Amino acid sequence: MPGAKGGQGLVEPIVLVTPGIALLFGAFLFPVGQILVLSVVPSGEELGAWSNFARFFADDYYLRVAWRTFRLSLLITAATALIGFPLAYAMARAPRWLAFLLLLLTVLPLMTSVVVRTFGWMMVLGRGGPVTDLLMLFGLSARSAVLLQTETGIVVAMVQVLLPFMVLTTLGVIAGIHPHLEEAARTMGAGFYRTLRHVVLPLSLPGLVSGSLLVFAISMSSFITPNLIGGVRLPVMASAIYQQAIHTLDWGFAAAQSTLLLIAVLGLLVPYLALMRRARV
Amino acid sequence: MTFLAIENVGKRFGHTTALDGVSLGIERGSFVALLGPSGCGKSTLLRIIAGLETPTFGRITVDGEDITRLPPERRRLAMMFQSYALLPHMTALENVRFPLRMQGREGAAEQRRRAMETLALVGLDHLAERLPREMSGGQQQRVALARAIIAEPRVLLLDEPLSNLDARLREDMQIELQALHRRLGLTTLFVTHDQEEALSLADRVVLLNQGRIDRDATADALYDDPGTAFAADFLGAANLVPVTVEATEDGHTAILEDGQRLQLASAPGPGPRQLVLRQEDITLADPSEPGLEATIEARIFLGTRVRYLVRLGDLRLRVLAPRHLQYPPGTPVRLQIDPANCRWSREGP
C-alpha cells in the first residue's frame with residue numbers, strides 16, 4: 001500500500017502544527033484583520049473610505065508623533081547594537097563561568113516585569129535621582145537636570161529593556177564563528193580591533209541584523225516604557241493609538257494608525273527575510 | 001646559524017604540563033617536523049611560536065630578536081591551520097590578499113596583482129573569485145598555503161598540513177610543499193602525528209613525548225636508529241629488543257629476556273643493552289631452519305610487501321617480508337638476523 005505511508009507522513013506534521021496555526025489565526029491574524037477592516041471603514045456617513053488615513057497625514061500632531069516614534073526607534077536600535085555587539089562577543093569568547101555570569105546578568109531583566117523595571121528607571125532618572133546628582137556633581141548641568149520626560153530618558157530606558165534581545169540573537173551567531181578565523185587573522189598581521197572589524201563583525205552581521213529588526217519592531221510598537229518615562233508631553237504612536245481607542249473612542253482612527261505602524265514594520269521585515277533567503281541559497 | 005631559537009620553553013595549563021622545557025634551534029631555510037602523538041605538546045609549541053599561546057617560561061627568538069612577548073600580528077610569521085581557517089566571507093583572492101592588506105604597504109591594485117601571482121604559484125589563479133565554500137578541500141588548502149606565503153614570513157608554521165586530505169591529494173600536496181620550500185627557501189616548521197608524513201617531508205624530525213623532546217635527528221638517522229623505546233614504538237619501523245650481552249670466546253652473545261641467544265659480530269661490552277632491529281632486516285624462516293623461535297601473530301597486507309607482527313617471548317616485533325611469504329597467524333617461525341644489521345640504541349634499557 002504505497003498510499004498509506006505517504007498519508008501517514010502528512011498526518012503527523014499537520015497534528016504538530018495545528019495548535020500553533022490555530023493560535024496564530026485566532027489570536028493574531030483575525031484581530032489584525034479586524035483592525036485593517038476597521039481602518040478603512042468610514043467613521044461617519046459624510047466621510048470617504050480612506051478618511052482616517054487622510055486625517056493622519058493632514059494633522060501635523062500625528063505626523064510629529066510618528067516621526068518621533070521612528071526616530072527614537074532608530075536611536076534605540078543603534079544604541080543596543082553598539083552596546084550589544086561587544087557584550088555578545090565577550091560572552092562568546094569568555095571562559096565558561098564568566099560567560100554564564102554575563103548571560104545571567106543579561107537575561108535576568110527579562111524575568112522582571114517591564115513595569116517594575118520602568119518604575120526603577122523613573123526613580124533613577126527623576127528629580128533627586130542618582131543620574132541628576134551625578135550630572136550636577138561633574139558640573140555637566142547647572143540646575144537639577146531631569147531626564148524623566150525627555151527623549152534621552154526614553155532611549156536610555158528602552159535600550160536597557162531591549163538589550164537582551166540584541167545580545168542573545170548576536171551571541172548565537174558569534175558563537176558559531178570558529179576562533180581559528182580570528183587567530184588566523186592575528187597571525188596575518190591584524191591586531192585585535194582590526195580582527196574584530198574585518199573578521200568578527202562581517203561574520204556576525206546576520207545576527208546583528210536580525211537583532212536590530214527585533215529591537216526596532218518592538219521599539220516602534222512599545223507602549224509602557226515610553227509612556228511612563230516620556231509622559232503625556234512626548235507621546236509615541238502606541239500611546240497615541242491607546243489614547244484614540246480608550247479615551248476618544250475613535251476606533252477607526254486608532255485602527256488606521258495601527259495599520260500604518262504595521263506597514264512600517266513589515267516594510268523592513270519583508271526585504272530582510274527575502275535577503276536572508278537569497279543569502280542562504 | 002640558528003635562525004629560530006626556542007630556549008627552555010614550557011607551558012602549563014592549570015595542573016597539566018603541556019610543554020616541559022623544550023629547547024630547539026632551527027636553521028634558516030630548513031624544513032623541520034615536530035612529530036608526536038596527540039597531547040605530546042607539539043601543537044602547543046607551534047601556537048606559542050605563532051604567538052597564539054603565552055609560554056609559562058622560556059624564550060623564543062627569530063633572527064636574534066626576542067619575540068616571546070610580541071602579539072601574533074607583529075611577529076611576521078605565518079601559520080597554516082589544520083582547518084585552513086579561510087575567511088568564509090572573502091573570495092580566494094581576497095583571502096590571499098588579506099596579509100598584504102593588513103600590512104598596508106602597497107596600493108590595492110598592487111596587492112591584488114601580488115595575490116593573483118601567489119594564487120598562480122599554487123595553480124589556483126582560475127578560481128580567484130570563488131568563495132571558500134565553493135571550493136574542494138584540496139583547493140581550500142592551496143588557498144591557505146598561498147595566504148601563508150604571500151607576505152614573505154620569516155618562519156612558515158604548518159599545523160598538520162596533510163591530515164585532512166585523501167591519499168592521492170596528500171601525495172600532490174607533499175610534492176608541492178617540497179617544491180615550494182626549495183623554491184622560496186622559507187624556514188618551515190610543521191606539526192604532525194603521522195610519522196610517514198614527517199619522515200617524507202622534513203629534513204629534520206623532532207620527536208616530542210609528554211612535553212619533552214625525545215629525539216631530534218634527520219629522517220634517515222631516526223629511521224635507522226630510533227634510539228629510544230618511545231621512538232621505536234612510535235615510528236614502528238624498527239624494533240627495540242632488550243638483551244643482556246655476554247662476552248664469549250668467539251665474540252659476543254646477546255641473551256634475550258626469554259633466554260634465547262643471538263650471536264653478535266660486535267657489542268659495546270657486556271651488560272644490559274637495547275638492540276635495534278629494523279623491520280626489513282629480520283628474515284622469516286620455517287621452524288626447521290636455525291634462528292630465534294617466534295610465533296606469527298598477525299599478517300598485514302601492504303601491497304608490495306607484507307608486515308608480520310611476530311611474538312618473541314614477551315615482545316611483539318614488526319617484520320617486513322616479501323609478498324610471496326604466506327605464514328598465517330599462529331604459525332611457529334624462526335627469525336634470522338644478520339649480525340651485521342644489529343645496531344645498538346643510544347639509550348640503555
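Two residues are in contact here if their C-beta atoms, placed from the backbone, lie within 7 Å. The views below come from a predicted model, in which local features need pLDDT of at least 70 and side-chain atom pairs count only at pLDDT 80 or more, while totals for chains, interfaces and linings use all residues. Residues are numbered from 1 along each chain as its sequence is written, and chains are lettered from A and ligands numbered from 1 in the order in which they are written.

View 1. Look around Leu157(B) and, leaving aside neighbours within four places in sequence, you will find it in contact with Leu46(B), Ile49(B), Ala50(B), Leu77(B), Ala78(B), Met79(B) and Leu189(B). A nonpolar core is a set of buried Ala, Val, Leu, Ile, Met, Phe, Trp, Tyr and Cys residues joined through C-beta atoms within 7 Å. Buried means that 20 or more other C-beta atoms lie within 10 Å of a residue's own; exposed means 12 or fewer, and partly exposed is in between. The largest such core has 104 residues, and Leu157(B) is among those with the most contacts inside it, together with Ala33(B), Leu34(B), Ala146(B) and Val206(B). Helix 4 (residues 137-149) of chain B gives this core its largest share, 6 residues. Another core lies apart from it, with 45 residues that include Leu72(A), Ala238(A), Ala240(A) and Ile241(A).

**View 2. Where chain B meets chain A.** The contact draws 16 residues from chain B and 15 residues from chain A. On the chain B side, strand 6 (78-80) and helix 2 (92-103) are the elements that give two or more residues; helices (H or I, at least four residues) and strands (E, at least two) are DSSP runs, numbered from the N terminus. Helix 2 of chain B supplies the largest share of that side, 4 residues.

View 3. Of its 16 residues the number buried is 1, so helix 4 of chain A lies largely in the open. Domain bounds come from an automatic or database domain assignment, which for chain A gives domain 1 (1-37) and domain 2 (60-112 + 150-280). The centres of these two domains of chain A, taken over C-alpha atoms, are 30 Å apart.

**View 4. Two loop residues with positive phi.** Most residues other than glycine have a negative phi. Ala85(B), although not a glycine, has a positive phi of about 50 degrees. Ala85(B) sits in the loop between strand 6 and helix 2 of chain B, and is buried, with 26 other C-beta atoms within 10 Å. Gln210(B) also has a positive phi of about 50 degrees without being a glycine. Gln210(B) is found in the loop between strand 9 (204-209) and strand 10 (212-217) of chain B, and counts as partly exposed, with 15 C-beta neighbours inside 10 Å.

View 5. Two strands pair if DSSP finds at least two bridges between them. Strand 16 (residues 292-301) and strand 17 (residues 305-312) of chain B run antiparallel, joined by 6 bridges. They form a hairpin with 3 residues between them, and Gly303(B) in the turn has a positive phi of about 110 degrees.
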